[in-house]
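Biologist: I would like to learn how to read a fold. Please take me through it step by step.

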Amino acid sequence: MTSGLILAAGSGSRFTRGPKQLAEFGGRPLLDWALEAQCAVAELERIIVVLGAGAEEILAVVELGRAEAIVCNDWAAGQSASLKAGMRALADSDTVIVTLGDQPLITADTIRRFLGEPAGTRAVYQGKPGHPVVLGREQLPAIEALAGDAGARTLLTRGREIECNALSPLGGLDIDTVDDLDACLSLIQPPM
């Protein structure tokens, strides 16, 4: 079984305009884009979105589609905490395709490209590591040992890399600040 996992638990402390996952992007909350992309991949049997900071507010606004939300109560411990929570919820999956809630331009086609890839596979955009990444059941013990904001990057150092720039030229962009949001919007919207 292949599942999808969206990590969206952080507080977005560098984002100064309210909850980052609810920031308007193209007329919709930022998190909607990641959810829509994963939900459009029919081959993903389950999709989990991990929330933390502002979970109640996010759940009141965001359309989950066929995704299930779980809340990571120790989200402040860093991305490793939300990754652990999501992987525990998907422990019965053979592989899990992981994306981030603040990368709205990763497309469903990009996610589909990772179906059938082995655990340890990751996207690169013009050689720069990014998402999606593929994690597997065999990596669960190593994931449980992670701490802080490291995520799974240490588990991917020797894995397969797939260049995704042609599939999703702007997919490698993530939104950490209001300036990032404005810059990303300017790339997809023609000037007025």
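**Reading the sheet and the cores**

Modeller: Strand 6 and strand 8 run antiparallel and are joined by 4 bridges. Strands here are DSSP runs of E with at least two residues, helices are runs of H or I with at least four, and both are numbered from the N terminus. Two strands pair if DSSP finds at least two bridges between them. This is a predicted model, in which local features need pLDDT of at least 70 and side-chain atom pairs count only at pLDDT 80 or more, while totals for chains, interfaces and linings use all residues. Residues are numbered from 1 along each chain as its sequence is written, and side-chain values use heavy atoms, with hydrogens and water left out.

Biologist: Which residue in strand 8 is the bridge partner of Val96?

Modeller: The partner of Val96 is Leu135. Strand 8 also pairs with strand 7, in the antiparallel sense, over 4 bridges. One of the partner pairs there is Tyr125 with Lys128. These two strands form a hairpin with 2 residues between them, and Gln126 in the turn has a positive phi of about 50 degrees.

Biologist: Is strand 8 mostly covered or mostly exposed?

Modeller: Buried means under 20% relative accessible area, exposed means over 50%, and partly exposed lies in between (1.4 Å probe, protein chains only). Strand 8 is mostly covered, with 7 of its 9 residues buried.

Biologist: In what order do the strands of the open sheet lie?

Modeller: The order of the 7 strands is 5-4-1-6-8-7-9, with mixed pairing. Strand 5 (68-71) and strand 9 (161-163) are the edges, each pairing on one side only.

Biologist: How do strand 4 and strand 5 run?

Modeller: Strand 4 (residues 47-51) and strand 5 run parallel, joined by 4 bridges. Val49 has Ala69 in strand 5 as its bridge partner.

Biologist: What is a nonpolar core, and how many residues has the largest one?

Modeller: In soluble globular proteins, nonpolar side chains tend to be buried together. A nonpolar core is a set of buried Ala, Val, Leu, Ile, Met, Phe, Trp, Tyr and Cys residues joined through side-chain atoms within 4.5 Å. The largest here has 27 residues, and those with the most contacts inside it include Ile6, Val49 and Phe114. Helix 1 gives the most to this core, with 5 residues.

Biologist: Which residues does Phe114 touch?

Modeller: Contact means heavy atoms within 4.5 Å. Leaving aside neighbours within four places in sequence, the contacts of Phe114 include Ile97, Pro132, Val134 and Ile162.
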